[in-house]
Amino acid sequence: MTREATTSHTRTAAAGGGGRGPEPTAERITERAPGLAPDRTADRITDLERRRAQAVAPGRPRRGGDFGARERIERLLDAGSFTETGLFVRARPSADGGRRPYGDGVITGHGTVDGRPVCVFAQDSTVFGGSMGEAFGEKTVALMDLALKTGCPVVGLNDSGGARIQEGVASLALYAELVRRNVQASGVIPQISVILGPCAGGAAYSPAITDFTVMVDGASHMFVTGPDVIEAVTGERTTAEDLGGARTSNTVNGNAHFLAADEEDALDTVRDLLSYLPSNNLQEPPQYAPGTPPDGGALDAVVPDRTGQAYDMRAVLRAVVDDGDLLYVKELFAPNIICALARVEGRSVGVVANQPLHAAGALDIDACEKAARFVRFCDAFGIPLLTFADVPGYLSGVRQEQAGIIRRGAKLLYAYAEATVPKVTVVVRKAYGGGYAVMGSKHLGADINLAWPTARIAVMGAEGAVGLLHRRELAAAADPEALRARLVAAYESTHGTPYPAAERGYVDDVIAPRDTRAHICRALRALHGKRAPMPQRRHGNIPL
């Protein structure tokens with residue numbers, strides 16, 4: 001009943017029109033029936049403010065962590081930029097008449113990071129333990145749909161107990177709906193997961209599909225089955241930290257890409273990561289003013305004269321990229337290969353490099369899968385690839401063969417051959433056997449291939465080659481060691497140089513190490529407008 005109608009009825013009754021006495025006013029209606037909506041605009045606004053305050057009120061004390069869900073969003077996004085969606089969504093009614101808080105345990109919305117649009121959701125562990133119910137899931141899925149329509153990255157701040165058991169199959173259905181959105185968004189918009197508490201069961205599969213996962217040391221846990229269930233089923237005793245803690249996920253199983261010291265560090269990592277990435281696959285990464293060119297003079301002496309002596313490949317990379325800054329991806333997992341984001345002349349690049357300090361830079365299963373995933377990400381989002389090769393080949397051994405080095409090592413071959421972004425390769429030292437082919441060779445589609453004079457491009461190293469090719473001569477020699485030394489020197493002078501490859505055009509130029517950055521800059525400028533059409537198909541069939 002409107003205020004105007006109420007006034008009219010009141011006047012009629014006062015004049016003896018109905019003999020029923022005055023009609024109740026809006027205030028009296030509210031008193032007698034609090035479930036009815038207020039009639040006056042001012043009352044409706046007051047009611048809105050009351051509901052909004054109720055919706056954003058902090059819950060009971062958190063079980064741990066540095067910040068609440070809203071604080072996390074505020075610290076991630078630019079100040080004052082957050083616009084919430086689904087604020088008044090409520091948990092579905094339950095048979096036992098349980099509480100139905102606004103938001104249903106997840107905060108969703110959009111804002112900006114360094115002025116660029118980002119969609120974000122934050123699971124709230126103070127509401128039903130952050131578990132996913134039907135309304136919770138629908139809010140998250142709606143946010144994913146918005147991100148896809150607007151072409152902006154999605155950041156998920158995960159702190160959840162998993163599926164809400166009380167809501168049964170509806171909770172499971174929304175997990176599947178979320179994963180379907182993750183797959184639709186893959187290669188279209190960047191997806192970043194931040195694990196700030198538990199992430200167990202079905203909840204763990206969504207972060208596994210996203211592009212990058214950040215975990216907090218000592219606070220984050222991610223696993224399919226928890227320690228108690230494992231002990232009950234298999235008898236194995238373990239802890240959440242050993243099973244799926246941040247360090248385990250960063251060093252042992254490779255489920256995470258970044259290890260943060262605390263929540264503040266985790267959110268800073270996300271902001272830093274976003275600065276290298278485009279908003280979507282149709283845009284270029286943001287361009288910044290060119291950083292200070294590093295002094296490359298020290299590169300002339302970085303490779304030791306002795307072939308078997310190790311050195312730190314990171315010294316090479318820092319002397320090539322802007323300001324010497326690199327954001328290492330999966331730094332603690334498979335350290336025999338380096339994957340990193342950096343900038344050259346203000347533009348983002350993806351760097352893949354063998355690390356001689358670990359396993360001589362050989363390619364094992366973990367290194368191949370780590371690098372393949374990174375190469376495919378860069379290709380999906382138009383980020384050029386810089387490859388620095390010093391590789392003795394694929395790692396041999398019974399365990400590697402039985403674990404599938406052929407199939408799993410082929411992933412890196414596939415990724416490089418599939419990539420259509422600009423690809424520039426520098427052979428620093430060893431490039432032997434299959435390692436030469438896979439590490440950004442011309443034969444897999446690299447655009448510009450450079451080599452240092454220290455490069456050794458061959459089927460295998462001199463010692464191994466001489467042992468195979470001349471074993472009869474060595475066995476019959478009066479002084480086999482002297483003969484071996486002469487044969488090794490002869491092999492090195494012919495096959496142990498970059499010049500046979502350069503003669504065939506497999507290497508575009510042999511350059512002084514100190515000139516590496518200048519050559520890379522020129523190559524990337526020339527390749528900026530590269531077009532590489534691919535055959536029409538649904539998708540390839542990478543050897544998973």
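User: Two strands pair if DSSP finds at least two bridges between them; which residue in β3 stands opposite T108?
Analyst: This is a predicted model, in which local features need pLDDT of at least 70 and side-chain atom pairs count only at pLDDT 80 or more, while totals for chains, interfaces and linings use all residues. Residues are numbered from 1 along each chain as its sequence is written, and side-chain values use heavy atoms, without hydrogens and water. Strands β2 (residues 106–113) and β3 (residues 116–123) run antiparallel and are joined by eight bridges, strands being DSSP runs of E of at least two residues and helices runs of H or I of at least four, numbered from the N terminus. Opposite T108 stands F121.

User: Which are the edge strands of the sheet?
Analyst: The open sheet has seven strands in mixed pairing, ordered β1-β2-β3-β4-β5-β7-β9. Two of them pair on one side only: β1 (83–85) and β9 (258–260).

User: How many residues apart in sequence are the parts that E369 and K411 tie together?
Analyst: E369 and K411 form a salt bridge, with their closest N and O atoms 2.7 Å apart; the term requires a side-chain nitrogen of Lys or Arg within 4 Å of a carboxyl oxygen of Asp or Glu. Because E369 lies in helix α13 (residues 365–380) and K411 in helix α15 (residues 405–418), the parts tied together are separated in sequence by 42 residues.

Note on methods
Two strands pair if DSSP finds at least two bridges between them.
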